[in-house]
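Subject: Structure handover, with notes on salt bridges and the chain contact

Hello,

Please find the structure below, followed by my notes on what was found in it.

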Amino acid sequence: MFNFNFFKFENNFNSDLFSSLNPLNFFKKRYTKDNVNILFIDDDDMPVVDNLKRSGYKVKKVRDIKNVDDAEVKNAQIIFVDFDGVGRCISPQHQGAGLVQELKTKYGTTKYVVLYTSQISLPTDTIIKLFNEADDRMRKDSDVTDFNIQIRKALSKIK
Amino acid sequence: MIYFQVKNSNGNIIAGNMHDFLRCKEFEKNKNYFNYRNGEGIKSVEENFEDCSIWFVVEGRDDLLKSAKLFLKTLNVYKIAALDVWRYHKTQIDSYSHTITTIQGQIRQKIEGFANDDKFYGDSYSDSIESISEHIKSDIMSAADLICYTHKRINDLRAHLLGVEVVHAGEHYKVNFDKVSLKRALLNQCTPFLCQFEEKSVNLRYFFDEKYEIDVDKNMFSLIMYNFFSNAVKYTKPNSELRFQYKQGCLDISMISLKIEKSEIGEIFNEGVRGKHSLETSGKGVGLFVLKKALELMGKDNMYIDPEYSRGDNEYVENHFKFIF
């Protein structure tokens with residue numbers, strides 16, 4: 001008797017390598033430069049936001065958010081978070097790092113979150129652990145090329 | 001005699017007096033050592049922590065060398081003090097480098113937005129100049145925006161560097177007094193902040209003319225006003241006014257801004273202290289501290305927030321900041 005296990009068949013195509021062959025993924029939204037929304041959460045001025053807009057990305061910047069359910073957060077697929085000076089309402093002690101943890105807890109792999117900083121060293125083991133909760137981290141003074149690379153990486157990972 | 005040395009994880013010496021220990025080089029190779037005989041002795045201990053190490057030597061101290069308990073107590077005191085010194089220095093270094101890294105990043109990103117790196121390439125410096133000149137001609141408004149932006153960031157950098165100098169080495173700063181027009185000096189200092197005031201629709205109004213002169217150190221005055229305007233931009237209510245009045249030697253700057261509780265008025269000039277209503281806005285509680293330090297250096301530290309206006313339950317009140325110049 002022919003016995004075909006559809007469940008096992010589908011699971012074979014869940015890894016990143018074969019995900020495009022997974023029938024369930026045929027109907028999942030694919031994010032590209034044209035339809036991805038990028039959010040910067042930073043209390044400082046970030047000229048790279050304008051540079052990315054000129055490159056054709058849809059980018060928004062807010063000084064801070066009060067809640068991980070805020071509309072700007074919900075609408076964004078890639079979120080860049082400053083380590084210092086944001087997230088006070090959500091994580092008064094750990095600020096940006098704590099905010100990242102809350103974002104990843106709430107949204108999992110549906111949002112790609114990058115934590116950036118200008119600090120040369122991280123103060124405590126707790127902060128290092130929170131840094132590792134982000135999908136990636138980078139230097140705040142990186143140039144637009146580095147941000148572009150990060151965005152392309154994010155586009156391949158957002159589920 | 002007690003000697004100690006604190007090193008960071010890179011092996012750089014942060015603090016200590018070990019250079020006074022004559023046998024320092026001899027003990028470098030073996031820092032954990034004890035020898036006590038006929039009333040003469042030496043004990044050396046090294047302990048490693050997460051991001052620093054402490055080396056502790058006691059020489060010729062009978063009481064410490066005879067009593068292990070006393071030695072441990074003394075070592076612990078040095079450990080705690082040394083760790084605190086190390087953490088304080090580390091925080092200062094982090095904060096210092098964080099600000100400079102951020103500002104240079106902002107300038108770099110802004111330049112990048114105006115012209116890619118390849119616009120600066122050339123076989124010679126004059127070729128580079130030629131290339132950039134052509135680019136400027138093609139987009140003069142963006143070039144002007146870049147210059148204004150860089151001007152603001154250079155002001156930020158200058159204020160940061162001066163602030164560090166005032167806080168950590170103020171006693172070495174030589175004050176030079178000059179007579180300046182108060183109004184012109186204020187206009188000069190607030191120019192870099194005009195863009196931010198405009199974004200919040202805050203108008204600046206002067207109720208005195210340029211004839212009034214004051215004696216100030218220009219660097220300290222610019223530092224004072226930089227820190228003042230940095231705070232004003234953050235805490236002033238949108239769609240309001242900043243008013244400058246000068247009468248009988250007193251500059252009164254009033255604004256509708258976040259309420260400062262009467263109990264906080266004296267405290268918020270201390271390092272790291274922020275008013276309770278400001279905690280949702282970013283800040284480190286350093287601006288007013290530096291402002292006060294700069295005033296003290298000039299010998300004009302009678303600046304105060306008039307407590308008469310800190311009344312009511314509104315989030316925003318009319319605050320009056322009075323400087324006696």
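Is Glu210(B) buried, partly exposed or exposed? Glu210(B) has a relative accessible area of 39%, which makes it partly exposed. Keep in mind that this is a predicted model.

Because Glu210(B) sits in the loop between β7 (203–206) and β8 (213–217) of chain B and Arg184(B) in helix α6 (residues 182–190) of that chain, the pair ties together parts 26 residues apart in sequence. Arg184(B) counts as exposed, at 53% relative accessibility.

A second pair in chain B is Lys110(B) with Asp145(B), a salt bridge at 3.0 Å from N to O. Lys110(B) belongs to helix α3 of chain B and Asp145(B) to helix α5 of chain B, so this bridge ties together parts that are 35 residues apart in sequence. Lys110(B) counts as buried at 17% relative accessibility, since the limit for buried is under 20%. Asp145(B), at 41%, counts as partly exposed.

In chain A, the side chains of Lys140(A) and Asp44(A) form a salt bridge, 2.9 Å from N to O. These two residues come from distant parts of the chain, 96 residues apart: Lys140(A) is in the loop between β5 (136–139) and α6 (144–157), and Asp44(A) is in the loop between β1 (37–41) and α2 (48–54). Lys140(A) is buried, with a relative accessible area of 2%, while Asp44(A) is partly exposed at 25%. Both belong to a network of salt bridges that also links Asp42(A) and Asp82(A). Over all chains, the count of salt bridges comes to 27.

Now the contact between the chains. Chain B contributes 25 residues and chain A 28 residues. Together they bury about 2100 Å², with 40% of that on carbon and sulfur atoms. Three salt bridges are found across this interface; one of them joins Lys284(B) to Asp84(A), with the closest N and O atoms 2.7 Å apart. There are also 14 residue pairs in polar contact between the two chains.

On the chain B side, α3 (68–114) and α5 (140–169) each supply at least two of the residues that touch chain A. The most come from α3(B), with 15 residues. By class, this side of chain B has 12 polar, 10 charged and three nonpolar residues.

Regards

Conventions. Residues numbered from 1 in each chain as written. Chains lettered and ligands numbered in written order. Predicted model: local features only at pLDDT ≥ 70, side-chain atom pairs only at ≥ 80, totals over all residues. Heavy atoms only, no water. Contact = heavy atoms within 4.5 Å. Buried area = accessible area lost by both parts, 1.4 Å probe. Salt bridge = Lys/Arg side-chain N within 4 Å of Asp/Glu carboxyl O. Polar contact = N/O pair within 3.5 Å; in protein donor to acceptor, adjacent residues only side chain to side chain. Helix = DSSP H or I, 4+ residues; strand = E, 2+ residues; numbered from the N terminus. Nonpolar A, V, L, I, M, F, W, Y, C, P; charged D, E, K, R; others polar. Buried < 20%, exposed > 50% of the residue type's maximum accessible area, 1.4 Å probe, protein only.
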